[in-house]
Amino acid sequence: MSQPYSIGTVGTPWGTSEKQSWLQAQSMKRSYDADVVTKILELSARFNVSQYGSLSYEHRVFDLFAIQSPNWTTDKKTILITGGVHGYETSGVHGALEFLEQYGNHYSETFNLIVLPCLSPWGYETINRWNPDAIDPNRSFFNGSPAQESKLAADYLAQFQNNIICHIDLHETTDTDNSEFRPALAARDGITNHNWNIPDGFYLVGHTQKPEPNFQKSIIDEVAKVTHIAPADENKQLIGVPIEQEGVINYDGTKLGLCMGVTDAPYVTTTEAYPDSLKATPQSCIDGQVAAIKGALNYLVNLR
Ligand SMILES: [Zn+2]
């Protein structure tokens with residue numbers, strides 16, 4: 001069990017004033033426009049960039065961008081890549097952008113690509129898991145979602161729904177999950193927090209309803225070429241869930257309202273890089289994310 005969180009009363013869910021206290025404690029730590037939008041606009045020379053919405057928070061407006069491959073045809077299968085659903089998970093945002101930069105044109109010969117590189121720009125700037133309303137966008141992909149980050153992305157993606165064969169959602173698991181975000185979640189909901197072991201390395205969360213173990217293995221094999229895969233703990237688990245195979249656990253992404261449940265795609269995965277590893281660098285995490293996308297797409301190419 002961890003220390004009680006600094007906001008709220010143990011055992012009592014947060015009300016409006018506690019959520020306001022939490023929000024007041026957050027601050028801007030990096031710039032979405034400088035780090036992310038600049039890169040998106042650079043890619044607009046080679047890809048179709050569109051704005052699918054915007055978020056207004058206090059004095060800030062964040063434009064939300066989708067990037068599509070230019071040579072889009074209806075006979076190609078469509079691939080969805082999302083990053084920054086959790087804005088603090090840096091390599092997901094920059095992995096999505098680096099994949100497009102390095103390999104987007106190559107893979108767009110075979111597939112239609114849609115990339116939403118940063119669903120939660122406020123979370124990117126303040127290094128947060130939640131949005132300003134203390135809501136986790138990655139538990140909010142369902143009808144009537146209270147999270148604008150989730151709703152705007154889902155509404156935009158609805159037009160592609162029937163043709164999306166694969167969705168790769170790029171995430172990280174970090175030490176701050178145990179030191180900050182899980183204690184904050186328990187405090188918000190008035191429950192007791194039990195931390196789990198943070199896995200040292202890259203792993204995947206597949207979808208319980210469509211696990212596709214060979215697809216997941218193809219991704220793990222490609223990632224293992226550039227960074228280390230998380231070993232299971234002594235209970236053969238990762239984050240408290242039994243492993244299915246090396247580096248893979250499954251969640252019911254639809255039931256939990258995860259981003260990976262946003263489409264009916266038959267091939268879905270959530271990547272989890274570990275930036276706090278002694279063996280990791282920011283670039284090795286980005287390399288792992290890029291390799292994960294390549295591993296997924298190479299599997300699907302061979303399936304055709
Ligand atoms: Zn995440």
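This is a predicted model: local features need pLDDT of at least 70, side-chain atom pairs count only at pLDDT 80 or more; totals for chains, interfaces and linings use all residues.

1. C166 takes part in none, and the nearest cysteine sulfur, belonging to C259, is 12 Å away. A disulfide requires two cysteine sulfur atoms within 2.5 Å. C259 is likewise in no disulfide, its nearest cysteine sulfur being that of C118, at 12 Å. C166 counts as buried, with a relative accessibility of 0%, and C259 is buried with a relative accessible area of 1%.

2. Which atoms coordinate the zinc ion? The donors are ND1 of H86, two OE entries of E89, and ND1 of H171, at 2.0 to 2.4 Å. Along the chain these donors follow the spacing H-x2-E-x81-H. E89 belongs to the loop between β3 (78–83) and α3 (90–107), whereas H171 belongs to strand β5 (residues 164–172), so the pair ties together parts that lie 82 residues apart in sequence. E89 and H171 are both buried.

3. Zinc geometry. Why is the arrangement around the zinc ion irregular? The 4 donor atoms subtend angles of 57 to 142 degrees, which makes it so. For comparison, four donors count as tetrahedral if all angles lie between 85 and 135 degrees.

4. A search of the whole structure returns 1 cavity of 30 Å³ or more. The largest cavity holds about 60 Å³ of space. Its lining includes G201, F202, T227 and H228, together with A273, Y274 and S277. Also among the lining residues are A280, S284, C285 and G288. Helix α8 (residues 282–303) supplies the largest share of this lining, 3 residues. By type, the lining of the largest cavity divides into 5 nonpolar and 6 polar residues, with no charged ones.

5. Backbone at E58. Although E58 is not a glycine, its phi is positive, at about 50 degrees. E58 is placed in the loop between β1 (48–57) and β2 (60–68). Is E58 buried or exposed? With a relative accessible area of 64%, E58 is exposed.

6. Backbone at I127. I127, a residue other than glycine, also has a positive phi, near 55 degrees. The position of I127 is in the loop between α4 (121–126) and α5 (148–157). I127 is partly exposed, its relative accessible area being 35%.

How values were computed
Residues are numbered from 1 along each chain as its sequence is written. Side-chain values use heavy atoms; hydrogens and water are left out. Buried means under 20% relative accessible area, exposed over 50%, partly exposed in between (1.4 Å probe, protein chains only). Donors are N, O and S atoms within 2.8 Å of the metal (3.2 Å for Na, K and Ca); water is not among the atoms, so sites may look incomplete. Four donors count as tetrahedral if all angles lie between 85 and 135 degrees; four count as square planar and six as octahedral if opposite donors are over 155 degrees apart and all others between 65 and 115; anything else is irregular. Helices (H or I, at least four residues) and strands (E, at least two) are DSSP runs, numbered from the N terminus. On a 1 Å grid over the protein atoms alone, a cavity is a set of points where a 1.4 Å probe fits but cannot get out, and a pocket is an open set with protein on both sides within 12 Å along at least five of seven lines; lining residues have an atom within 4 Å of a point. Grid points are joined across faces, edges and corners, and a volume is the space filled by probe spheres set on the points. Ala, Val, Leu, Ile, Met, Phe, Trp, Tyr, Cys and Pro count as nonpolar, Asp, Glu, Lys and Arg as charged, and the others, Gly among them, as polar.
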